[in-house]
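Dear colleague,

Please find below the structure that I am handing over to you.

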Amino acid sequence: MTNGQPMIELRRLYRFFGETKANNDVSFSVARGEVFGFIGPNGAGKTTSMRILATLDLPTYGDAFVDGFSVINDPDRVRRRLGFMPDYFGTYANVNCAEYLDFFARAYGLTGADRRDAISKTMRFTGLDSLAEKPTRGLSKGMRQRLCLGRSMIHDPAVLVLDEPAAGLDPRARIELREMIRQLAAQGKAILVSSHILTELAEMCDRVGIIEQGQLLVTGTVEEIQNQQTPRSEVHLRILGPNEPCRVWLERRAGVQNLVVEGSAMRFSHMGSEQAQVDLLRELVAAGFSVVEFGARSLSLEDVFMQVTRGAVQ
Amino acid sequence: MTTVDGQLPSQAQEPSASEASAPGLLARLDSWLERAVDHVNPILVKEARQALKSRQFVVTYSLLLAFAWGWSLLGIALLMPGVYYSSGGRFMLVGYFLVLAIPLLIVIPFSAFRSLASEREDGTFDLLSITDLSSRQIVTGKMGSAVLQMLVYYSALSPCIGFTYLLRGIDIITVFLVLGWTLLASVMMATVGLLAATIARAKHWQVLVSVVLLLGLAFFAFIWTYFILAFVAMTPPLDDISFWISVFAVICFYAVFIGLGVFGAAGQIGFTSSNRSTRMRLLMLLHHFLWIGWMTYAWVVTMQEGALWFLTFAGGIYWIVMGALMIGESGWIAPRVRRGLPVSYLGRMVLTWLNPGPGTGYVFAVLNAATLAVVVILLGIVAQYNAFRGAPFDSGLAAGAILGVAYLAAYLGVARLITLAMRALGVQGGMILPFVTTCLLLVLGALLPYFVQFWLEGFHEPPYSLLQAPNWAWTLNEVADAGSLPGSTSGLGFSLQSGFVLVCVFALVIFFVNLVFAYREVEQVRVDVPDRVLEDEQQLHPPKVIEAPRTSPWDEG
């Protein structure tokens, strides 16, 4: 790898399917050792971008690069450096786990002791060593995902592209998968991962990108994205005494939205900085309300996602 | 549940299995075999594992054995009591051949088709295509697996085949020819199956293709069985050298057809930006040269003008089929393909027609058909001067050859222009669109003028007229019947002469219009290899350091 060069780079990528713009000027890059989360609703263009990176499709315009090699002009060199885990699991009949990995190790050009070592280490890493003789079509969803991850990393690629790796997994398997991805990143691999489970991505990714209708709306760390959005917090408030006067008072305040009374408590969105929240609390007390609880929570990735995207489909 | 704190492939240090293996004859043999298998196509290894465990193989193999044993008992019973003194080998071989024919000519080719088609259906094809395996390796791996199954079936029946020879009545060469040809026929059908698997992606089209393929395989198996039974029934002229020469000729064409099938299938499943044409065109060129060589040989040996007509016409059909497929290629040449374009003037002039593209494909097909016509005319000139024995050459054949090329240039050219127009309007259709367009044009070109004249003449058998100029079938037939060049004293009438000139002029116009449209493909120039690729290439294949020769025995450096 050339120093300072991103391991993954999408440069003004367009992909049209007739009238549908699956990718519409998508650009981002992923550095070595970085986990980049790709978020978007169904049909947003995540899989299309990933398939182009994996040299399974060609862009209509623009180009994508893996370790400096164009996916259009040097797909062979890209494939040697990239492991791709699609959102489906391709199985073969009458093949067990060991044979499955052995086949892909051979297909990636590994021979002799190198191949055997790669298979045994991959099986150990993915926790499949006890299932070596089990037919691939008889595996559980979680085990299949592990095998699929193992297949994509059997040739020790510098870049991993994982499309919905946690889909359908139970909580334990999801946590284990997250740990595996973090370990792979610690090894210096650049990882592009898409998921619908945003809390997972927030914990595992160094940076995220939100895509909708083929356009990349925002990229950066979760904090950066939160800061880019209109400052907003979810506020939980409880006072002694009746809620009604307080509700009326709050509704007159600028920056207070979506006020909901829940029993003895109230919940609302507050548009403003942390200082504005401090001022609001002070004014509440000054207005004579007996504040028992005042808790503000900043936006989660899920909130940001909902704020950034419009839920539109093509 | 296992933990996730395992080591990565790049991290852990472990003794390899080969280091741990104990020395010994069996261990050494095992290690040698394993090293040998490392060089075998991975698809073949995987498919062999799968096939040997599959229910289809077990059922077919068991049925094959059961039928072979059944025939052994039934055949001997039918031959009784003459089996002790008369020769029944031929009779028994026919039965064993029939037992082999079904798996070899239907089951294995259809399995090859399903094998590749199911890779696409199950999504495993995507996983395969991003490995180091080339599309050609994928196809040859599937082919290798089919051949392996054929060999297993042959080995299962080898005792029975040996038994037929012991019964006498058939020579070993005939037995080998029957088995060898059937093996080659099975390989060809497997290639057809693989090619068919690459045609359609949508499920409904795949179903249609599989039905058509199955019917085609059954039909071919019937024809082949008929041919083999006829061959076994007659006494093959094994002492006749011309028999062996014709066998050799067929094998030559067969090998190139298999090559075309494999490259065609690989091209269909290959990455869009790779060069999928040049190798195919080189193979077509090889086919063409073989055709010309064997055509010349057939003419010199037989001096049969009918044979020369047939071979020239067949050559023309070959080029119109290949041309109709080539004009459906994409005109876009990826930068990676342009890295290898010729740079010299001579190289560009000669090799440009091997580059991918519909325009270059059109010119390539027309030029090759034209060389076929030139060879026919040259053969005629040499025959006129009696350079070798035989009757004088009929110049009608030369006229037919020129006219054939003109028709090919005109129909292919018009089909290409129609395809260009349709693509400009947004109709895609891949390589099928120009192929179907060409076929339609050829059919309409032959039938429409005929029916128009038939209608004008009041539904009476019409004589040849200028209206039939687009009718390639009738015009070529008239030229063949007239038997001389236009303008000569005997032979072609005015209508035919006018038609000949009209078609040639029209073909020339269409050819030049197409040449203008091919300009963009021709003007492509070589692009530089990016620095990153050069850098990687240097890492993968570092230049060898050549040590300076030692100049003195004391120099240890």
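In which strand of chain A is A:Asp25 found? A:Asp25 lies in strand β2 of chain A, which comprises residues 20–30. The model is a predicted one, and in it phi of A:Asp25 is near 65°, a positive value in a residue other than glycine.

B:Met80 and B:Pro81 are joined by a cis peptide bond, with omega at about -5°. B:Pro81 belongs to the loop between α4 (55–79) and α5 of chain B.

Helix packing in chain B

Helix α5 (residues 89–121) of chain B packs against helix α7 (residues 135–166) of chain B at an angle of about 165°, and their axes are 10 Å apart. That angle makes α5(B) roughly antiparallel to α7(B), since angles over 145 degrees are classed in this way. The crossing of α5(B) with α7(B) is right-handed. On the α5(B) side the contact includes B:Met92, B:Leu93, B:Tyr96, B:Leu100 and B:Ile108, and these helices also meet through residues of α7(B) including B:Met150, B:Tyr153, B:Leu157 and B:Phe163. By class, the residues of the contact of α5(B) with α7(B) comprise 18 nonpolar, four polar and two charged.

Helix α7(B) has a further partner in helix α3 (residues 42–53) of chain B: the axes of α3(B) and α7(B) come within 8 Å and cross at roughly 40°. The two helices α3(B) and α7(B) are therefore oblique to each other, and their crossing is right-handed. Among the residues in contact are B:Ile43, B:Leu44 and B:Ala48 of α3(B), together with B:Ile138, B:Gly141 and B:Leu148 of α7(B). The contact of α3(B) with α7(B) divides into six nonpolar, five polar and three charged residues. B:Ile138, B:Lys142 and B:Gln149 of α7(B) are listed in the contact with α5(B) and also in the contact with α3(B).

Elsewhere in chain B, helix α10 (residues 241–269) and helix α11 (residues 278–302) have axes that come within 9 Å and cross at roughly 165°. That makes α10(B) roughly antiparallel to α11(B); here the crossing is left-handed. The contact includes B:Phe248, B:Phe253, B:Phe257 and B:Phe263 of α10(B), and B:Leu283, B:His287, B:Trp291 and B:Trp294 of α11(B). In the contact of α10(B) with α11(B), 17 residues are nonpolar, three are polar and one is charged.

The interface between the chains

How much area do chain B and chain A bury between them? The value is about 5,300 Å², of which 53% is on carbon and sulfur atoms. To this contact chain B gives 52 residues and chain A gives 66 residues.

The structure holds 42 salt bridges over all chains, and the count between chain B and chain A is 14. One of the salt bridges is formed by B:Arg339 with A:Asp74, whose closest N and O atoms are 2.8 Å apart. This pair crosses between chains, from the loop between α13 (335–338) and α14 (345–351) of chain B, where B:Arg339 lies, to the loop between β5 (69–70) and α2 (75–81) of chain A, where A:Asp74 lies. The side chains of A:Glu99 and B:Lys53 also meet in a salt bridge, at 2.9 Å from N to O.

With kind regards

Conventions. Residues numbered from 1 in each chain as written. Chains lettered and ligands numbered in written order. Predicted model: local features only at pLDDT ≥ 70, side-chain atom pairs only at ≥ 80, totals over all residues. Heavy atoms only, no water. Axes fitted to C-alpha atoms, helices over the stretch in contact; angles between N-to-C directions. Helix = DSSP H or I, 4+ residues; strand = E, 2+ residues; numbered from the N terminus. Parallel < 35°, antiparallel > 145°, perpendicular 65-115°, else oblique. Left-handed = near helix turned anticlockwise from the far one by under 90°. Contact = heavy atoms within 4.5 Å. Nonpolar A, V, L, I, M, F, W, Y, C, P; charged D, E, K, R; others polar. Buried area = accessible area lost by both parts, 1.4 Å probe. Salt bridge = Lys/Arg side-chain N within 4 Å of Asp/Glu carboxyl O.
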